[in-house]
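Subject: Handover of a structure and notes on its contents

Dear colleague,

Please find the structure below, handed over for your use. My notes on its contents follow directly after it.

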Amino acid sequence: MSVEELSNEVRALIMNKEFIAYVFDPDKEAVNYWTLYLSNYPEITKSFNQAKYILQHLDSLKSCFREDEMQELKSQIRACIMHCHAN
């Protein structure tokens, strides 16, 4: 598997800084935002859950992604976490 093989929705979510922050460091505002988002777009619930799973289990899924994709994802995650803790 590679990032290109994921659905557009999953791909967009796993690269979305707000989504990454929600997965790793959720605050009340983020929880409210994504809850409302899913209630407005229930058809993406499966993609939402898949993207969340991928981010939470990235290390165990590393054989599913190319090395450059894995490094990009981890870089995005680190940047989001650093940004969240800086605020």
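Which residues does Leu 55 touch, not counting residues up to four places away in sequence? They are Ile 14, Phe 19, Ile 20, Val 23, Phe 24 and Ile 77, where contact means heavy atoms within 4.5 Å.

Some conventions come before the details. The model is predicted, with local features requiring pLDDT of at least 70 and side-chain atom pairs counting only at pLDDT 80 or more, while totals for chains, interfaces and linings use all residues. Residues are numbered from 1 along each chain as its sequence is written, and side-chain values use heavy atoms, with hydrogens and water left out.

Overall content

The chain has 5 helices and 0 strands, these being DSSP runs numbered from the N terminus (H or I, at least four residues, for helices; E, at least two, for strands). From the N terminus on, the order of elements is α-α-α-α-α. Of the 87 residues in the chain, 33% are buried; buried means under 20% relative accessible area, exposed over 50%, and partly exposed in between, with a 1.4 Å probe and protein chains only. Among contacts between residues at least 6 apart in sequence, 65% join residues at least 24 apart.

The nonpolar core

A nonpolar core is a set of buried Ala, Val, Leu, Ile, Met, Phe, Trp, Tyr and Cys residues joined through side-chain atoms within 4.5 Å. The largest one holds 23 residues, of which Ile 14, Phe 19, Tyr 22, Phe 48, Ile 54 and Leu 55 touch the most other members. Two or more residues of this core come from each of α1 (8–14), α2, α3, α4 and α5 (67–86). In soluble globular proteins, nonpolar side chains tend to be buried together.

Leu 55 lies in helix α4 and is buried, with a relative accessible area of 2%. Between Leu 55 and Val 23 there are 7.5 Å in space, C-alpha to C-alpha, although the two are 32 residues apart in sequence.

Ser 47 also has its place in helix α4 (residues 45–56). Ser 47 is buried at a relative accessible area of 9%, and its contacts, leaving aside neighbours within four places in sequence, are Ser 7, Glu 9, Val 10 and Leu 13.

Helix α2 and its surroundings

The buried residues in α2 include Phe 19, Ile 20, Ala 21, Tyr 22 and Val 23. At the start of this helix, a side-chain oxygen of Asn 16 reaches to within 2.9 Å of the backbone nitrogen of Glu 18.

Lys 17, also placed in α2, counts as partly exposed at 48% relative accessibility. Leaving aside neighbours within four places in sequence, Lys 17 is in contact with Gln 76 and Cys 80.

How do α2 and α3 meet, and at roughly what angle do their axes cross? The axes of α2 (residues 17–24) and α3 (residues 28–40) come within 10 Å and cross at roughly 115 degrees; axes are lines fitted to C-alpha atoms over the stretch in contact, and angles run from 0 to 180 degrees between N-to-C directions. The contact is made by Glu 18, Phe 19 and Tyr 22 of α2 together with Ala 30, Val 31 and Trp 34 of α3.

Yours sincerely

Note on methods:
A polar contact is a pair of N or O atoms within 3.5 Å; within protein, one must be able to donate a hydrogen and the other to accept it, and residues adjacent in sequence count only if both atoms are side-chain atoms.
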